[in-house]
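Hello,

Here is the structure I promised to pass on to you. Please have a look at it first, and then read my notes below.

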Amino acid sequence: MDAPDIEVRGLTKTFGSVAAVNDLTFTARAGRVTGFLGPNGAGKSTTLRALVGLISPTAGEALIGGKPYDGIAHAPQRVGAQFEAAFHPGRSARGHLLTYAPLAGVTAQRCDEVLAMVGLTEAAGRRVGGYSMGMRQRLGLATALLGDPQVLILDESANGLDPAGVHWLRGFLRNFAAEGGTVLLSSHLLSEVELTVDDVVIVAKGELRHSSSMEDLRNLTSSRVEVRSPRQEALESFIASRYLDSATLTSPTTARIDGASAQEVGAAAFADGLELHGLEQQTDSLETVFMRLTTEGASA
Ligand SMILES: Nc1ncnc2c1ncn2[C@@H]1O[C@H](COP(=O)(O)OP(=O)(O)OP(=O)(O)O)[C@@H](O)[C@H]1O
Ligand SMILES: [Mg+2]
């Protein structure tokens, strides 16, 4: 399948005095799962809504395959979207899908297929009003999949899923992308989608903060070593001779060495005959990196 890319270019959306999205530019490529991440109120849902024509941009463009959603022929068969679901509580899951089937141009058989795909076959006849949050998420996803689309735009789809559900969604989306599809999946939790996404687009306060592969984001987790020695002079000359550019004395008997491992520093200290009373490796978690990117002003 030759799926279209998603391109957001200079997108701005203001609601009265609130700039929900401000000059946002990024691409989500075909054959990849792109995580669209940021804290509450960052502008994720607003951007995804603009992509499927639910809101019109104040400025800029939100394009799928180079076109705005309204310009895409047979859009429900090309683009599937899931937003925080509002289902008619009295309807069954199957009934809900049947009402959407004509719009997606599909038959009742396809409704049963997608119910099976999301694991709702047994519950298909029950009232949606009695569904758990995870079951509603699954039904939302089933709705997005009805038209057998090449592009999936999913707003917080992993939210509320149990571990088995998250595992299933991960496998499903990875497979969808491996077959060439385009996936843009929002979340306010990096940990929730960390193992699912190939690329990340991180936003905060409506603005782009970071965009890279997941691998490059992982490389931002820096590691450092804290060494303690009672021999002040020996410690000073040790770091001056070995770690001049990466070490800082944090007390007369303690030094912090950035970008180093405990193993490497321990071996060097041993070779130099430096008496050590402490050697501790400290590594920023991915969560810390995410926090830093979303709370600081600078973009990367
Ligand atoms: N229809 C609207 N009218 C007024 N303000 C809105 C509207 N939609 C969104 N906003 C505002 O725009 C900002 C971004 O909201 P948005 O829903 O896009 O964030 P989000 O990243 O999806 O957050 P969350 O993680 O909580 O879902 C918020 O300040 C929100 O209050
Ligand atoms: Mg949202």
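Leu154 is buried, at a relative accessible area of 0%; buried means under 20% relative accessible area, exposed over 50%, and partly exposed in between, with a 1.4 Å probe and protein chains only. Please keep in mind that this is a predicted model, in which local features need pLDDT of at least 70 and side-chain atom pairs count only at pLDDT 80 or more, while totals for chains, interfaces and linings use all residues. Residues are numbered from 1 along each chain as its sequence is written, chains are lettered from A and ligands numbered from 1 in the order in which they are written, and side-chain values use heavy atoms, with hydrogens and water left out.

Leu154 belongs to strand β6 (residues 151-155); strands (E, at least two residues) and helices (H or I, at least four) are DSSP runs numbered from the N terminus. Leaving aside residues up to four places away in sequence, Leu154 touches Leu48, Gln82, Leu141, Ala144, Leu173, Val183, Leu184, Leu185 and Ser186, where contact means heavy atoms within 4.5 Å. The C-alpha atoms of Leu154 and Leu184 are separated by 6.2 Å, although the two residues are 30 apart along the chain.

Now to the cores. A nonpolar core is a set of buried Ala, Val, Leu, Ile, Met, Phe, Trp, Tyr and Cys residues joined through side-chain atoms within 4.5 Å. The largest one has 47 residues, and Leu152, Leu173 and Leu217 have the most contacts inside it. Apart from it lies another core, of 27 residues, including Ile153 and Leu184.

Strand β10 (residues 223-228) is joined to β13 by six bridges, and Ser223 has Thr283 as its bridge partner in β13.

Finally, the aromatic rings. There are four aromatic pairs in the structure. The ring centres of Trp168 and Phe172 are 5.4 Å apart and the planes at 25°, so this pair is stacked; rings of Phe, Tyr and Trp (its six-membered ring) pair if their centres lie within 6.5 Å, and planes under 30 degrees apart count as stacked, over 60 as edge-to-face and the rest as tilted. Both residues sit in helix α6 (residues 163-178), four residues apart, about one turn of the helix. Trp168 is partly exposed at 24% relative accessible area, whereas Phe172 counts as buried at 15%. Phe238 and Tyr243 have ring centres 5.8 Å apart and planes at 70°, so that pair is edge-to-face.

Best wishes

How values were computed:
Two strands pair if DSSP finds at least two bridges between them.
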